[in-house]
Amino acid sequence: MGKIIISENVSLDGVVQDPTGEEGFHRGGWFLQVGDKDREAWAELLLEEARGAEALLLGRRSDEWFAARWLSRSGEWADRLNSLPKYVVSSTLQEPRWSNATSKGKVLKGDVVDEVSRLKQELDGDIVVYASGRLVHTVMEHDLVDEVRLIVFPVVLGAGERLFDETSDRKPMRLVGIRIVGDGLALLTYRPARGDA
């Protein structure tokens, strides 16, 4: 059975909006404010995660964003990401844009909850979700998430879209890992506390 892994870069106050500053958000570009050592350690961490992934699960906009940046890249990390199967949630897309000759992809057009539940049954291993805010909200709301990995950047933005929107109820989580990344980043890993007191 597959595991849905949410993997996100977040500010200290949980903002995920416009980390690279390309979207025009007035507080965007926060990802680029860390030093080279932190970015190199971050890249190593994400390469390690990509090596352990079975597939990627993305929303349509994230699929387009990653395709525009990664398909032309080479090297171990790019080769691994580009070759992973991509599953994209979309009602309008015909095939994933972030695919190439070495990767297969599929558009999940039906009910998101049903499609992701079926995907978890069909695949073994980690199904990693990058960005894809609306998708993250949906799978979290419907208790389909098996693990949340937050790479916390040392900045408080005070405004912007946060990773988790309102949910219909509490979603108790259990901290299962803390790791310092570079000089100023932290990887926090959580799992749902289903059935925990």
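## Burial and overall form

Of the 197 residues of the protein chain, 45% count as buried, and this figure, like every other value in this report, is computed from a predicted model. From the N terminus on, the elements of the chain follow the order β-α-β-α-α-β-β-α-β-α-β-β-β, which amounts to 5 helices and 8 strands. The radius of gyration of the protein chain is 16 Å, close to the 16 Å that the globule rule gives for 197 residues, so the chain is as compact as a globular protein of that length.

Along its principal axes, the C-alpha trace of the protein chain spans about 45 × 40 × 30 Å. Among the contacts in the chain with a separation of 6 or more, 70% are accounted for by residues 24 or more positions apart.

## Surface and charge

In soluble globular proteins, nonpolar side chains tend to be buried together. In this model the largest nonpolar core has 30 residues, of which Trp 42, Trp 77, Leu 81, Trp 98, Tyr 130, Ile 151 and Phe 153 touch the most other members. At least two residues of this core come from each of helix H1 (36–51), strand E2 (53–59), helix H2 (60–70), helix H3 (76–83), strand E5 (125–130), strand E6 (147–153) and strand E8 (185–192), and H1 gives the most, with 5 residues.

Phe 153 illustrates how such a residue is surrounded: not counting residues up to four places away in sequence, Phe 153 touches Asn 9, Val 10, Ser 11, Leu 12, Trp 30, Phe 31, Val 34, Trp 42 and Leu 185. A second, separate core holds 25 residues, including Leu 108, Leu 123, Val 129 and Leu 135.

When its neighbours within four places in sequence are left aside, Asp 126 is in contact with Lys 3, Ile 5, Gly 52, Ala 53, Glu 54, Ala 55 and Arg 149.

Asp 18 is found in the loop between strand E1 (2–11) and H1, where its relative accessible area of 0% makes it buried; its phi is near 50°, a positive value in a residue other than glycine. Asp 143, in the loop between helix H5 (133–141) and E6, also has a positive phi in a residue other than glycine, here near 55°. Asp 143, however, counts as partly exposed at 44% relative accessibility, a value in between the limits of under 20% for buried and over 50% for exposed.

## An exposed loop proline

Pro 172 lies in the loop between E6 and strand E7 (173–181). At 52% relative accessibility, Pro 172 counts as exposed, since that class begins at values over 50%. Leaving aside its neighbours within four places in sequence, Pro 172 is in contact with Pro 192 and Ala 193. The C-alpha atom of Pro 172 is separated by 24 Å from that of Leu 58, a residue 114 residues apart from Pro 172 along the chain.

How values were computed
Residues numbered from 1 in each chain as written. Predicted model: local features only at pLDDT ≥ 70, side-chain atom pairs only at ≥ 80, totals over all residues. Heavy atoms only, no water. Core = buried A, V, L, I, M, F, W, Y, C linked by side-chain atoms within 4.5 Å. Buried < 20%, exposed > 50% of the residue type's maximum accessible area, 1.4 Å probe, protein only. Helix = DSSP H or I, 4+ residues; strand = E, 2+ residues; numbered from the N terminus. Contact = heavy atoms within 4.5 Å. Rg over C-alpha atoms; globule rule 2.2 N^0.38 Å.
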